[in-house]
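Hi,

Here is the structure I promised to pass on. Have a look at it first, and then read on for my notes.

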Amino acid sequence: VDHSGATVYTMPLSAKQDKIPLHIFLKAAGITSLDSPSNSDEHEGTTMRDVGVVLLVSLVYSNAIDDVWQATGPTQYEIHVEHIQGSTFSSQRLLSESEPDFVQSVDRVVREEHGVHLRFVQSGVISRFSATALLWHMLAALGLLSASSAVVDNVATYLLHDKDEFVGH
């Protein structure tokens with residue numbers, strides 16, 4: 001689901017694994033190309049490819065069926081993607097001697113890399129029917145009903161002004 005609520009990608013039912021290409025996440029975030037200008041104040045005039053980008057990916061799970069009380073179905077989820085405006089992403093790493101870009105004459109080579117950083121947040125409701133929980137809730141409701149009936153009877157027979165009319169009924 002993109003930032004406007006439109007469905008961008010529907011996972012095929014035959015899929016055994018949830019593999020979603022990166023361009024789908026970018027499209028859902030409203031990014032048409034990594035070569036678009038970056039909206040970072042620190043890096044004016046550069047592209048997202050040059051400074052990196054951060055996407056917030058929200059996964060919302062549910063297996064509840066809305067129109068049936070306490071019914072559960074297969075687990076489904078929606079993925080919402082948001083581009084964190086003004087964000088950049090880079091990492092630095094030290095090259096070792098075994099890597100092809102390593103230069104022997106230099107003591108230390110640090111490579112700065114920029115890319116797409118995906119941050120995932122999960123939420124949702126996963127439920128299942130429990131006969132034991134239903135029984136406990138019914139027993140509690142019956143207990144409260146009995147207690148409230150006893151309270152009303154006692155108030156009607158002992159405390160009300162016309163209590164003589166309620167005695168024996």
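This is a predicted model: local features need pLDDT of at least 70, side-chain atom pairs count only at pLDDT 80 or more; totals for chains, interfaces and linings use all residues.

Where does Ser38 lie? Ser38 sits in the loop between H1 and helix H2 (48-51).

Leaving out residues up to four places away in sequence, Ser38 touches His43, Thr46, Thr47, Met48 and Val51.

Now the overall layout. The protein has 4 helices and 5 strands, and from the N terminus on the order is α-α-β-β-β-β-β-α-α. There are 169 residues, of which 18% count as buried. The protein exposes about 12900 Å², and carbon and sulfur atoms supply 55% of that area. As for contacts between residues at least 6 apart in sequence, 54% of them join residues at least 24 apart.

Next, the core. The largest nonpolar core has 13 residues. Those touching the most other members are Phe25, Ile31, Val53, Leu55, Ile79 and Val81. H1, S1 and S2 each supply at least two residues of this core, and S1 gives the most, with 4 residues.

How many aromatic pairs does a search of the whole structure find? The search finds 2. In one of them, the ring centres of Phe25 and Phe120 are 6.5 Å apart and the planes stand at 90°, so the pair is edge-to-face. This pair links distant parts of the chain, with Phe25 in helix H1 (residues 22-28) and Phe120 in strand S5 (residues 116-125), 95 residues apart. Phe25 is buried, with a relative accessible area of 9%, whereas Phe120 is partly exposed at 49% relative accessibility.

Tyr61 and Tyr77 also pair: their ring centres are 5.5 Å apart and their planes are at 50°, so this pair is tilted. Here too distant parts of the chain are linked, namely Tyr61 in strand S1 (residues 53-64) and Tyr77 in strand S2 (residues 72-83), 16 residues apart. Tyr61 is partly exposed at 26% relative accessibility, and Tyr77 is partly exposed with a relative accessible area of 29%.

While you are looking at S1, stop at Leu56, which lies in that strand. Leu56 is partly exposed, with a relative accessible area of 25%. Which residues is Leu56 in contact with, leaving aside its neighbours within four places in sequence? They are His80, Val81, Glu82, Ile84, Arg119 and Val121. The C-alpha atoms of Leu56 and Leu118 are separated by 6.1 Å, although the two residues are 62 residues apart along the chain.

Gln92 has its place in strand S3 (residues 90-94). Is Gln92 buried or exposed? At a relative accessible area of 60%, Gln92 is over the 50% limit and therefore exposed. Setting aside neighbours within four places in sequence, Gln92 is in contact with Val110, Arg111 and Glu112. Gln92 and Arg111 are 19 residues apart along the chain, and their C-alpha atoms are separated by 5.6 Å.

One last stop, on the surface. Leu135, Trp136, Leu139, Leu142 and Leu145 form a nonpolar patch there. Together these residues have about 580 Å² of accessible area. Leu139, one of the patch residues, is found in helix H3 (residues 131-159). At 48% relative accessibility, Leu139 counts as partly exposed.

That is my list for now. Send me your own notes once you have been through the structure.

Cheers

Methods: Residues are numbered from 1 along each chain as its sequence is written. Side-chain values use heavy atoms; hydrogens and water are left out. Patches are made of residues with over 30% relative accessible area and no salt bridge: like charges are joined within 9 Å, nonpolar side chains (Val, Leu, Ile, Met, Phe, Trp, Tyr) within 5 Å. Accessible areas come from the Shrake-Rupley method with a 1.4 Å probe; for residues, only the protein chains shown count as cover. A salt bridge is a side-chain nitrogen of Lys or Arg within 4 Å of a carboxyl oxygen of Asp or Glu. Buried means under 20% relative accessible area, exposed over 50%, partly exposed in between (1.4 Å probe, protein chains only). Contact means heavy atoms within 4.5 Å. Rings of Phe, Tyr and Trp (its six-membered ring) pair if their centres lie within 6.5 Å; planes under 30 degrees apart count as stacked, over 60 as edge-to-face and the rest as tilted. A nonpolar core is a set of buried Ala, Val, Leu, Ile, Met, Phe, Trp, Tyr and Cys residues joined through side-chain atoms within 4.5 Å.
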